[in-house]
Amino acid sequence: MISILVQEALPRAEWLQEESWQAISDHYGRLGAAIAANDRPLVVGSAKELVECVARVVLVSHGRVTGDKDEYDKVLAHAHTVVEHAAENGLPPNDPLRQIPNAAKKMASQLRELRNRFGTGHGRPVVHEITAEVVEACVHGALLWVRWALARLQAVLLGAVEPLVHDLREGIFSSGDLAARLDAANVPGLEEPEQRRLGVAVGQRAARETFVVRNDGIRACADNPERWPDAYRQGVVEGLFLNEDGQVEARPSISPDCAADVLRHHSAPERVLTELLDVLRSASWSLRFQQEHPAVLTAMRETLPRLPDSGQQPWTDIINDLKARALFEPR
């Protein structure tokens with residue numbers, strides 16, 4: 001009967017890296033081969049290894065670092081917390097939607113002891129009898145948690161910063177895609193460096209005239225200011241004026257207008273613009289900016305009245321500095 005359980009494909013999250021999926025597939029295939037061969041010690045050992053592999057993939061996908069010698073129970077517990085949080089926020093501990101996955105984790109947590117007692121990985125001086133009940137408990141316990149965790153991994157990756165930044169650089173977004181992924185990322189709950197990094201990626205992609213990113217990542221920030229932290233806003237402004245190579249690059253119809261929208265609700269726009277000026281002074285100009293800078297400077301002057309009062313002087317300083325440098329930049 002348990003052979004049927006390994007015939008169904010495991011759920012694969014859309015943004016899961018290929019190398020991670022290959023590791024999971026390898027362990028899943030080994031479990032299936034052990035069942036087919038009725039190699040009971042290998043079934044027990046493979047069941048535990050599959051759970052540990054999936055748990056480590058969950059943590060890596062979430063940006064968590066684990067040591068190769070970390071205990072099985074620790075890795076499983078941390079991974080479960082990640083996918084549980086992705087499932088539902090704010091549920092009480094006794095809610096059935098928490099209790100059911102918790103029961104699955106408890107089953108999976110016993111695999112270490114069963115593997116130590118019966119499974120491969122130990123050179124035992126005696127042979128223990130491994131009953132069908134032991135085998136079935138191991139396979140059911142492993143696959144129940146593994147399938148739940150992999151299904152929930154989609155929600156984890158939906159809000160993961162690393163794949164989102166990657167897709168902002170190279171991916172394609174349909175209407176609503178970025179809004180959903182930013183919401184899943186829980187931007188206010190990220191560390192400030194991650195908020196800023198994400199903002200930079202949004203600003204840079206918006207400056208490449210991607211309307212969906214501009215709408216979901218910048219307009220939404222201006223329309224609902226309470227949802228977006230200052231570090232994200234600063235990153236957006238930086239991304240609107242610097243490309244991925246660290247060069248000055250801005251679009252006249254996008255960068256000044258979007259920057260003004262974002263800075264209206266920043267708590268310290270003068271600091272953001274002063275820091276931006278320092279970076280722009282140390283950056284070369286992209287070929288596109290060399291060609292478009294007169295239009296960009298004109299747009300910046302027109303945008304000046306929309307800036308908060310405290311940001312107008314450093315904004316003017318940026319305009320004047322870029323204008324002065326135009327005499328020396330190659331054309």
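Before reading any accessibility values, I wrote down the cut-off: a residue is buried when its relative accessible area is under 20%. I also noted for myself that this is a predicted model.

**Entry 1: helix α12**

I started with helix α12, which covers residues 230–241 and has 12 residues. From its first C-alpha to its last I read 17 Å, close to the expected 16 Å. How many residues of α12 are buried? I found 11 of the 12, so the helix is largely enclosed by the rest of the structure. Among them are Tyr232, Arg233, Gln234 and Glu238, as well as Leu240 and Phe241.

**Entry 2: Phe241 and its partner**

Next I searched the whole structure for aromatic pairs and got three. One of them is formed by phenylalanine 241 and tryptophan 315, edge-to-face, with 6.0 Å centre to centre and 85° between the planes. Which parts of the chain does this pair link? Phenylalanine 241 sits in helix α12 and tryptophan 315 in helix α16 (residues 309–325), so I noted distant parts of the chain, 74 residues apart. I checked burial too: both phenylalanine 241 and tryptophan 315 are buried.

**Entry 3: Trp285 and Phe289**

I then turned to tryptophan 285 and phenylalanine 289, whose ring centres are 4.9 Å apart. Their planes stand at 85°, so I logged this pair as edge-to-face. Are these two residues buried or exposed? Tryptophan 285 is buried, at 3% relative accessible area. Phenylalanine 289 has 1% relative accessibility, so I counted it as buried.

Notes: Residues are numbered from 1 along each chain as its sequence is written. This is a predicted model: local features need pLDDT of at least 70, side-chain atom pairs count only at pLDDT 80 or more; totals for chains, interfaces and linings use all residues. Side-chain values use heavy atoms; hydrogens and water are left out. Helices (H or I, at least four residues) and strands (E, at least two) are DSSP runs, numbered from the N terminus. The expected span of a helix is 1.5 Å times one less than its number of residues. Buried means under 20% relative accessible area, exposed over 50%, partly exposed in between (1.4 Å probe, protein chains only). Rings of Phe, Tyr and Trp (its six-membered ring) pair if their centres lie within 6.5 Å; planes under 30 degrees apart count as stacked, over 60 as edge-to-face and the rest as tilted.
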